[in-house]
Amino acid sequence: QGAGFYVNATQTPWAPHFRMQDYVAEELPGLIESRFPATDARGILGHSMGGHGAMVTALRHPGRYRSVSAFSPIVAPSQVPWGQKALTAYLGEDRSSWQAWDTVALIANAPERLPLLVDQGEDDEFLATQLRLELLEAACQHARHPLTLRRHPGYDHSYYFIASFLADHFSHHANALRP
């Protein structure tokens, strides 16, 4: 068992030790920047639940990241079965508290308009029931938040899909991270 969805858990048994948002946004960058020749110029990228984590982390920490991208992200965990199960376990039954961990909800009031790059395989078996990219697209249109959503026929949720377009994401981040 393990906590996920990049939240800081508030429910037992997760609450004492599963502060995944703090780890990704604070501890890990601090460790890297203290031990390696790195700057505070940051980009964040993820796949599936990790794509959710990348976007939520960037949206929750305006000014901390210069770029964000995702492959096949879960964009509205409060509205899909995987997310509802996880958010109930980690955050409890109060669905209003879930909005702070939901990309679609965060887009509406995002103080920073960091462009989102998202790639999605059209043959992804999770697209219609768990990923719900149409919700992200609608939220970005409504809030006028910049989104590049690229749909790819013939691709699914696999690492082959990621490998096929990863260079584009590296370029996206490299362009944003240049001084």
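Predicted model: local features only at pLDDT ≥ 70, side-chain atom pairs only at ≥ 80, totals over all residues.
Reader: Why is E125 called exposed?
Author: The cut-off for exposed is over 50% relative accessible area. E125 has 54% relative accessibility, so E125 counts as exposed. The residue lies in the loop between β3 (116-121) and α5 (127-131).

Reader: What makes E122, D123, E125 and D156 a patch of negative charge?
Author: Asp and Glu count as negative. Patch members need over 30% relative accessible area and no salt bridge, with like charges joined within 9 Å. E122, D123, E125 and D156 gather on the surface in such a patch.

Reader: Which residues form the nonpolar patch on the surface, and what is their accessible area together?
Author: The patch is formed by Y23, L28, L31, I32 and F36. Together they have about 450 Å² of accessible area. Nonpolar side chains are joined within 5 Å.

Reader: How do you know that the buried residues of α3 line one face of the helix?
Author: In helix α3 (residues 81-91), the residues G83, A86, L87, Y90 and L91 are buried. Seen down the axis of α3, these buried residues fall within an arc of 100 degrees, so they line one face.

Reader: What follows α3?
Author: G92 does, with a positive phi near 100 degrees.

Reader: What makes R42 and E33 a salt bridge?
Author: The rule asks for a side-chain nitrogen of Lys or Arg within 4 Å of a carboxyl oxygen of Asp or Glu. The R42 and E33 side chains meet at 3.0 Å, N to O. By this rule the count comes to 7 salt bridges.

Reader: Are R42 and E33 buried or partly exposed, and why?
Author: Buried means under 20%. R42 has 18% relative accessibility, so R42 counts as buried. E33 has a relative accessible area of 27%, so E33 is partly exposed.

Reader: How do you know that D119 and R150 form a salt bridge?
Author: The limit is 4 Å. The side chains of D119 and R150 meet at 2.7 Å, N to O. This pair links distant parts of the chain: D119 is in strand β3 and R150 in strand β4 (residues 147-152), 31 residues apart.

Reader: Why does D119 get the label buried?
Author: D119 has a relative accessible area of 0%, so D119 is buried.

Reader: Which residues are linked with D119 in a network of salt bridges?
Author: The network links D119, R150 and D168.

Reader: What makes E137 and R151 a salt bridge?
Author: The closest N and O atoms of E137 and R151 are 2.8 Å apart, against a limit of 4 Å. E137 lies in helix α6 (residues 133-143) and R151 in strand β4, so the pair ties together parts that are 14 residues apart in sequence.

Reader: Why are E137 and R151 given the labels they have?
Author: E137 is at 27% relative accessibility, so E137 counts as partly exposed. R151 is at 39%, so R151 counts as partly exposed.

Reader: Is G43 buried or partly exposed, and why?
Author: G43 has 36% relative accessibility, so G43 counts as partly exposed. The residue is found in strand β1 (residues 43-47).

Reader: What separates the C-alpha atoms of G43 and S67?
Author: A distance of 4.6 Å, for residues 24 apart along the chain.

Methods: Residues numbered from 1 in each chain as written. Heavy atoms only, no water. Areas by Shrake-Rupley, 256 points an atom, 1.4 Å probe, with all protein chains shown as cover. Charge placed at Lys NZ, Arg CZ, Asp CG, Glu CD. Helix = DSSP H or I, 4+ residues; strand = E, 2+ residues; numbered from the N terminus. Buried < 20%, exposed > 50% of the residue type's maximum accessible area, 1.4 Å probe, protein only. Arc of directions from axis to C-beta.
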